[in-house]
Amino acid sequence: MLFTRHALALLCASAGIAAAIPAQAQTLKVALSAEPTSADPHYHKMTANDAFSAHVYSSLIARDADMNLVPSLATSWKNLDDLTWEFKLRRDVTFSNGKPFTSQDVLFTICRTLNNETNISSSYATLTQMFTDVQTPDDYTVIIKTREPLPVMPAELARSLPIIWNGIVPHGKLTFTPKQGCGVTGPWPTVVDFNSGKDTIGTGPYILKSYVKGTGIELVRNEHYWGPKPYWKEVKMVPVPNAGPRMTGLLSGDFDLIENPAARDIQRLKENPKFGYVATPSTRLVFFQPDVGRNPSPQIKSPNGKNPLQDVRVRQAISMAIDRKAITQRIMDGMATPAYQYMPDGMFGGLAHAPEIKYDPAGAKKLLAEAGYPDGFEMTLSSTNDRYINDGQVAQAVAQFLSRIGIKTNVDAMTASIYFPKRAKREFSFSMGGWPSEVGEASALFQLWVTSLDAAKSLGTSNYGGYSNPQFDKVYREAAVTVDADKRRKLLEESTKIALADVPLIPLHFESTLWAYRTGVTYEGRRDQYTLAMSAKPAGK
């Protein structure tokens, strides 16, 4: 066999790459700090679930690492009028089983989110409940009508509608008639069907090989993926909730990439040329949600038997009692930013420069006394211990701050798999939460967490504290349907001011996200905090 000089050069270059990344070359081993709770793409909206879903499924619209919207299964989208959106679809896409992707799959997916009895929240129906009609005039066009103007429709689709294959259940002609089942004649798929792999059929860059809760996830490359071919042929993701064992696994060679290493370990990585890391500021707000809707509240003991959290002065006192700077510096090791509002400063709908919520324990005690609790009260702070960065430690620190002003605070920290179902049932009185601004403005957090509950309109579906303020609702709801960007920004800024004064949520900090990796691997940090095999590449690629 004869080789040209050019061919020999290419062969040598290939050999060099192979030498740099040997036997494990095509396998990426990842340690996750938070485990996906299901392989069902419409089960429960949380970052770990959505990041996993992005490997197996595609959405109509996607986001790049800086959260800019980019085409995915839809090549273009536009408003036909204030209530109507048209999406043009890719023509070169097949599912992992070889079946072509068409507009029928979009319609089926929308219907499934509205007929999903095995999810633990309605988070994936928050958007689709606003649809009044979905038409598929041809295989590559989808027209969606909404009940009200929805200016953030593209951003919402990028975060909440992974597309599934319409053939996983029997059906006749599909129509947008969700209350009548949309033409589906067999049982709708369940979370068990996805976890087993039976219905885990997507158009994403990877195919699910196995999902074993508590043990790990195995993925294999989808060789027929319509987009850029991912480098890694196989991906193994293992849940390792504690930062210490994750770092130990990286240093010992068990893992190629880990998410959320402890910030205190960054110096070790800097001093070791065999490893690297990337730190990326995120839009994720970590906050506390007080139960203001019930009197009494289940986990509160007060001298008068009432729920102190219903008094805005108590909520303000709690916020003033927390030393945010101490938490970000000592517990987060500088890898977080104190939060004085619900969006990073300057984000659309947030304030350009929010006034600092000063640490003032004396002022907090004064407010408690004014509210009728000079000797404080007792409550339980509920949190995860494996979901947010240092969440268990943060909860303990906040409890100590509150105890100093007379609020005896007990911490009940638990795994995310236990915590989220309990929170959805409103079993807590004062709970930790986290939410990234995936749509790039203040509207999403306000829609789900602050506005009064109206499930039919997809409002307040995460408002587990039962907060309700007619003034806030009026301003926010007007903002949500205002297409004019300048008018919407002003309305959202007014909403932000109302919420900061009334304290339905107590902002704590914005996380920075860390990833660490071995030599020979690089990782593109993402503002949405997703850990994606597609964002990991061999060094030099």
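A salt bridge is a side-chain nitrogen of Lys or Arg within 4 Å of a carboxyl oxygen of Asp or Glu. Side chains of opposite charge can pair when their charged atoms come close. The model is predicted, so local features need pLDDT of at least 70 and side-chain atom pairs count only at pLDDT 80 or more, while totals for chains, interfaces and linings use all residues. Residues are numbered from 1 along each chain as its sequence is written, and side-chain values use heavy atoms, with hydrogens and water left out.

**View 1. The salt bridge of D199 and K198.** The closest N and O atoms of D199 and K198 are 3.2 Å apart. D199 has 3% relative accessibility and counts as buried, whereas K198, at 51%, counts as exposed. Here buried means under 20% relative accessible area, exposed over 50%, and partly exposed in between (1.4 Å probe, protein chains only). By the salt-bridge rule, the count comes to 22.

**View 2. The salt bridge of R284 and E511.** The side chains of R284 and E511 meet at 4.0 Å, N to O. The pair links distant parts of the chain, 227 residues apart: R284 is in strand β12 (residues 275–290) and E511 in strand β18 (residues 506–518). Helices (H or I, at least four residues) and strands (E, at least two) are DSSP runs, numbered from the N terminus. Both R284 and E511 are buried.

**View 3. The salt bridge of E356 and K325.** Between E356 and K325, the closest N and O atoms are 3.3 Å apart. E356 lies in the loop between β14 (336–338) and α11 (361–370), and K325 in helix α10 (residues 324–331), so the pair ties together parts that are 31 residues apart in sequence. E356 is partly exposed, with a relative accessible area of 36%, and K325 is partly exposed at 38%.

**View 4. The largest pocket.** The volume of the largest pocket is about 950 Å³. Of the 41 residues that line this pocket, A62, R63, Y225, L532 and M534 are the closest to its centre. A pocket is, on a 1 Å grid over the protein atoms alone, an open set of points where a 1.4 Å probe fits, with protein on both sides within 12 Å along at least five of seven lines; lining residues have an atom within 4 Å of a point. Grid points are joined across faces, edges and corners, and a volume is the space filled by probe spheres set on the points. Among the elements that each supply at least two lining residues are α2 (47–56) and β20 (536–538).
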